[in-house]
Amino acid sequence: MNEPLFMGIDGGGSTLRIAIVNAKLDKFSSLKAGAVNPSVVGHSEARARIQRGVGAALGEASLRPERISAVGIGVAGASNLRNERWLLETLKPVLPRSRHAPSSDLEIALAGALARRHGILLLAGTGSGAFAVKPGDIRLQVGGWGYLLGDEGSSYWIGRELLRLAIGEYDLGWDANEDALGRAFLDELGLAQARELLAWVYQSDAAPAVRIGGLAPFVLKRAEDGDEQAMRILRRASEYLADQLQTLRRRLDYPEAPIAFAGGLLDNDNWLSREVSRRLALAERPVAKHPPVIGAAMLAKMEWSAAKK
């Protein structure tokens with residue numbers, strides 16, 4: 001008898017990841033592709049990209065669709081609370097015989113990071129948000145409103161603050177410090193003067209959240225080098241992120257909740273992740289046990305196991 005296989009699909013803010021694993025989480029196949037956030041690329045295009053990705057992952061592992069016992073999926077901009085039907089309609093044509101576990105990008109990141117269902121996740125990547133699952137399957141999310149309405153503390157937010165700093169300094173006539181963050185940022189982009197930022201921001205084919213979010217590493221590096229302006233931006237980011245987690249603790253009355261970090265800004269040791277850990281009085285930065293794509297596969301396994309009982 002064939003062993004059960006589980007597929008995890010992680011549609012993060014800028015990257016689609018798909019993995020096929022067995023019950024021990026050994027990988028049979030993995031795939032990485034472009035963004036599938038329906039709020040950015042549209043629902044039709046997102047569905048097509050996910051379905052192509054599923055087909056490619058199956059092809060890489062030389063597996064037929066019916067070999068997948070269950071599939072878990074979490075997509076930024078399409079949580080199970082708002083888009084469960086769309087998620088199911090996306091999966092059923094390509095995995096018609098599998099059990100389906102539609103979720104959110106935050107929940108699959110929580111499951112992967114803690115290797116368990118319950119706890120609090122703080123995510124800061126292209127977007128930001130905090131998400132908790134309390135025993136009794138009580139769920140609550142704070143933040144995660146997208147780059148137009150929120151995502152404070154995210155890489156997009158940090159990049160936008162850098163842009164605002166640069167144009168603000170320019171409008172004031174710059175200062176005598178040629179190494180000011182705004183000027184150094186223009187040099188990093190290879191721009192001669194600030195007005196060229198208009199074309200850089202508005203005439204790109206890349207999604208704004210991804211393009212502007214790509215500026216965050218520059219701010220992180222400057223903060224590590226002791227740049228006070230960069231540190232000021234990141235301090236504000238850390239305040240927003242820590243407040244989101246504390247709000248979840250308070251609203252759920254869940255002070256003992258295990259804490260997980262996720263997203264490119266918190267997955268790594270840097271000025272921001274250390275500052276957030278300090279604000280939360282953590283002895284050390286939480287390190288994820290598994291990436292979100294494996295968390296999605298774990299939720300699929302849980303769905304399959306529950307159905308077998």
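Predicted model: local features only at pLDDT ≥ 70, side-chain atom pairs only at ≥ 80, totals over all residues.
Two packed helices are described by the angle between their axes and the distance between the axes. Helix α5, covering residues 155-171, packs against helix α9, covering residues 216-224, with the axes 8 Å apart and at an angle of about 75°. The two helices, α5 and α9, are therefore roughly perpendicular. On the α5 side the contact is made by Ser155, Ile158 and Leu162, and on the α9 side by Ala216, Phe218 and Val219. Five of the residues in this contact of α5 with α9 are nonpolar and one is polar, while none is charged.

A pair of aromatic rings is described by the distance of the centres and the angle of the planes. Four aromatic pairs were found in a search of the whole structure. One of these pairs is formed by Phe6 and Trp304, whose ring centres are 5.5 Å apart. The planes of Phe6 and Trp304 stand at 65°, and because planes over 60 degrees apart count as edge-to-face, the pair is assigned to that class. Phe6 belongs to strand β1 (residues 5-11) and Trp304 to helix α12 (residues 292-308), so the pair ties together parts that are 298 residues apart in sequence. Phe6 is buried, at a relative accessible area of 1%, whereas Trp304 is partly exposed, at 23%.

Another pair consists of Phe185 and Phe218, with ring centres 6.2 Å apart and planes at 45°, so this pair is tilted. Phe185 is located in helix α6 (residues 181-189) and Phe218 in helix α9, so the pair ties together parts that are 33 residues apart in sequence. Phe185 is buried, with a relative accessible area of 1%. Phe218 has a relative accessibility of 13% and also counts as buried, because the limit for that class is under 20%. Phe218 is also one of the α9 residues that meet α5. A further ring contact involves a charged side chain: Arg211 lies over the face of Trp200, at 4.1 Å from the ring centre.

Ala115 is not a glycine, yet has a positive phi of about 55°. Ala115 is placed in the loop between α4 (105-114) and β6 (119-124), and is partly exposed, with a relative accessible area of 33%. Asp137, likewise not a glycine, has a positive phi of about 55°. The loop that holds Asp137 runs between β7 (128-134) and β8 (138-143). Asp137 is partly exposed, with a relative accessible area of 42%.

Methods:
Residues numbered from 1 in each chain as written. Heavy atoms only, no water. Helix = DSSP H or I, 4+ residues; strand = E, 2+ residues; numbered from the N terminus. Buried < 20%, exposed > 50% of the residue type's maximum accessible area, 1.4 Å probe, protein only. Axes fitted to C-alpha atoms, helices over the stretch in contact; angles between N-to-C directions. Parallel < 35°, antiparallel > 145°, perpendicular 65-115°, else oblique. Contact = heavy atoms within 4.5 Å. Nonpolar A, V, L, I, M, F, W, Y, C, P; charged D, E, K, R; others polar. Phe/Tyr/Trp six-rings, centres within 6.5 Å; stacked < 30°, edge-to-face > 60°. Lys NZ or Arg CZ within 6 Å of the ring centre and 35° of its normal.
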